[in-house]
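This report covers one model, its chain fold, its chain contacts and its core. Please view the sequence and the structure first.

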Amino acid sequence: MADLLANIDFLQEGPFSVPRWEALFANIGQLWQGALVTVLVASLGLALALALGTVLGVMSSSQWRIPRGFARGYVEFFQNTPLLIQVFMLYNAIPMLVPGLFIPVIAIGILGVGMYHGAYMAEVVRAGIQSIGHGQLEAALSQGFSYVGAMRYIIIPQAMRIVLPPLTNQAVSLIKNTSVLAIIAGGDLMYAGDSFAGRYGHYGPTYIVVGLLYFLMCFPLARLTRRLESRTRAN
Amino acid sequence: MNTFMDSPVMVMLSDPVLYLGLGQGLLLTLQIAGISIALSFVIGTVLGAMRYSGLPVISHVAATYIEVVRNLPQLLLILVSYFVLGLPAMWAAVIGLTIYTAAIIAEVIRGGLNSVMTGQWEAARSQGFSYLQAMRYIVLPPAVVKMIPPIVSQFVTVIKDSSFAMAIGAYELMFKGTILAAKYWKPEQIITIYLAISLIYFAINFTISQIARRMQTKWSAGRGTIGS
């Protein structure tokens, strides 16, 4: 059997050969570590994006001009420029503005994906709030709710049902986009995979495993999105 | 004497090399994005129609492709095209972007077609419309209006994500800018370059988004929302 396998060229040479797979699994720890960094960056980035998205979404649907203008400007800038350049700006600008301040690359990744997807989430939240209709806000205000109180108890709970599917969809994009960290040596899954693959040329097996790991992180959320979508539609 | 024109940023901004470099980069960015958009639109339409068709094998193939690709990072697909498929940098970027974008567009197209209620189909067929006529006159008009905003916003995403091609050394705008930033190494020069690149991306993408918004309001005006 071993002889037979040794004589099959495809298994012994080429981009997907057995020795390459063996080398990958001997060093699989590197990929686990990278995956851990990706999970960390994605979860903290998601928290930041949700917070920013909620605040900016409420701001851009408010009646006051200055917060609305600020939120519009933020959203347009972050949605219309590449994430990569925002990350590079953070990477270069922070040490320049605050000399001597050392920020780990992982923090730059969290800030980068958080701010970028925060802009998208703000649009989702704004659309959700606007779908509720002005009458409800007026009714709440006339009943003595403050603006914040009306948002908190009347508008946001209703809007939640509408915004949840697109928000989980954004979470999937956010996980995928943490891979830009690889370009600034952020130690994430993509970086771990790419540097291992590059060192020995084992691109084929490495990318398959890296892809599988990303898929395993994203697919459950994508399924959840679909389920939430059909629930919203049913209502 | 240190005048304004001698400041590092002004020295850099008066150097034609900067504009030449960024111009070349922009050209390649537009090429990569343009070809990817055209290819993904065609492939995405076919995939979307395949999945919408509900035919046993055909729709499963399309569904599997879409579900797998949608859950992979764009950057990974570009790296695979370059290192595993062995394509030259520009084409690796094009293929990587296309593999991903086609799947997204397919979903948009299927969603648009699905948004037209089956009742409308049945009504059209019962009135003697052929399949193609029903598609052309009844289903597509409201569906297309629904598809335009997400498809155009996906094109904006393609232009932005073409910057990932710097990871494989394609000399597009982002990579050109980074090379120039290394040439002018002073922090304020680097920031200025990145700001300039952001502005270029912003100008292109903001224009496209605005046109899409205009188109959507114009096309959907006067159309009822019945059945949508």
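## Basis

Helices (H or I, at least four residues) and strands (E, at least two) are DSSP runs, numbered from the N terminus.

This is a predicted model, in which local features need pLDDT of at least 70 and side-chain atom pairs count only at pLDDT 80 or more, while totals for chains, interfaces and linings use all residues. Residues are numbered from 1 along each chain as its sequence is written, and chains are lettered from A and ligands numbered from 1 in the order in which they are written.

## Fold of chain A

Chain A holds 11 helices and zero strands. Its C-alpha atoms occupy a box of roughly 85 × 55 × 25 Å along the principal axes. The radius of gyration of chain A is 23 Å, whereas a compact globule of 235 residues would be near 18 Å; the radius is taken over C-alpha atoms, and the globule rule is 2.2 Å times the number of residues to the power 0.38.

Of the 235 residues of chain A, 40% are buried. A residue is buried if 20 or more other C-beta atoms lie within 10 Å of its own, exposed if 12 or fewer, and partly exposed in between, with C-beta atoms placed from the backbone. Two residues are in contact if these C-beta atoms lie within 7 Å. Among contacts in chain A with a separation of 6 or more, 76% join residues 24 or more positions apart.

Buried residues in H5(A) are A:Ala71, A:Val75, A:Phe78, A:Gln79 and A:Asn80.

A:Ala185 lies in the loop between helix H9 (147-177) and H10 of chain A. Its phi is positive, about 60 degrees, although A:Ala185 is not a glycine. Most residues other than glycine have a negative phi. A:Ala185 is exposed because 11 other C-beta atoms lie within 10 Å.

## Contact between the chains

In the interface, 32 residues of chain A are in contact with 30 residues of chain B. Helices H5 (65-80), H6 (83-97), H10 (189-200) and H11 (203-234) of chain A each give two or more residues to its side. H11(A) gives the most, with 10 residues.

## Nonpolar core

Among the 121 residues of the largest nonpolar core, B:Ile78 is one of those that touch the most other members. Such a core is a set of buried Ala, Val, Leu, Ile, Met, Phe, Trp, Tyr and Cys residues joined through C-beta atoms within 7 Å. Helix H5 (residues 89-115) of chain B supplies its largest share, 16 residues.
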